Amino acid sequence: MSAVCTGSTKEKQSGEKLSEAKVVKLYGQIPPIEKMDASLSTLTNCEQLSLSTNCIEKITNLNGLKKLKILSLGRNNIRLLTGLVSDTLEQLWISYNQLEKLNGIQWLKSLRVLYMSNKDWSEFMRLVELPCLDDLVFVGNPLEEKHSAEGTWMDEATKRLPGLRKLDGEPPSEEEEKRFKSWVTEGSEVRGGWTDEEKSISED
């Protein structure tokens, strides 16, 4: 059962206890949320949490959300991927933030969907460490822009992440589909790396 919350984390007017809600929506709050406070730890049954379009700078107080599968944090001021629920999280929507590095993303072994467009840096190869990743949005990143301009983005990205079933909203081509089947059969050894020049694009 969905729960739409306005303001702080409190009981839903319908009578549903917030601690029992599977979907909790706290996006676009007025005034905007600046801190993920300890009250979030009471959302013990939450599977989908939306905190997008606020002013959050740090991911905190998610330890109590043992069932969390989908986390939406787009359009905030987040700089680091710390404090995430690593065991259960399957989808992370974190576009339009101030992320500088992807340190910590390697622990999200259940992550399947990652939306992280419009960043100012590129650490693409850290995504190789996500064995379940099959849907990626990387639009607006320097590496994507460079290869899209050359007409090679889809091919180069899926070559390195052959498990992708969708890239920037587009399904793989027939050739990329064959590459995926080969990856499933042979393992991840086919995953390569960017050149030194590509790795350095937009890094501080």
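In this predicted model, lysine 101 and glutamate 123 pair up through their side chains in a salt bridge, with 3.9 Å from N to O. The two partners come from distant parts of the chain: lysine 101 is in the loop between S5 and S6, while glutamate 123 is in the loop between S6 and S7, 22 residues apart. Their surroundings are worth a look too.

A second pair joins aspartate 134 to arginine 112, at 4.0 Å from N to O. Arginine 112 is partly exposed, with 30% relative accessibility.

Then there is arginine 79, whose side chain meets that of glutamate 100 at 3.0 Å, N to O. Here the link runs from the loop between strand S4 (70-72) and strand S5 (91-93) to the loop between S5 and S6, so it ties together parts 21 residues apart. Arginine 79 is partly exposed at 43%, and glutamate 100 is partly exposed at 36%. Elsewhere, Asp155, Glu156, Lys159 and Arg160 form a network of salt bridges. The count of salt bridges comes to nine.

Disulfides are another story: the count is zero. Cysteine 46 is buried, at 0% relative accessibility, and cysteine 132 is partly exposed, at 36%.

Finally, serine 117 sits in the loop between strand S6 (113-115) and strand S7 (135-137). Serine 117 is buried, at 8%, and its contacts include Ser95, Tyr96 and Phe138.

Key. Residues are numbered from 1 along each chain as its sequence is written. This is a predicted model: local features need pLDDT of at least 70, side-chain atom pairs count only at pLDDT 80 or more; totals for chains, interfaces and linings use all residues. Side-chain values use heavy atoms; hydrogens and water are left out. Helices (H or I, at least four residues) and strands (E, at least two) are DSSP runs, numbered from the N terminus. Buried means under 20% relative accessible area, exposed over 50%, partly exposed in between (1.4 Å probe, protein chains only). Contact means heavy atoms within 4.5 Å. A disulfide is a pair of cysteine sulfur atoms within 2.5 Å. Lists of a residue's contacts leave out its neighbours within four places in sequence.
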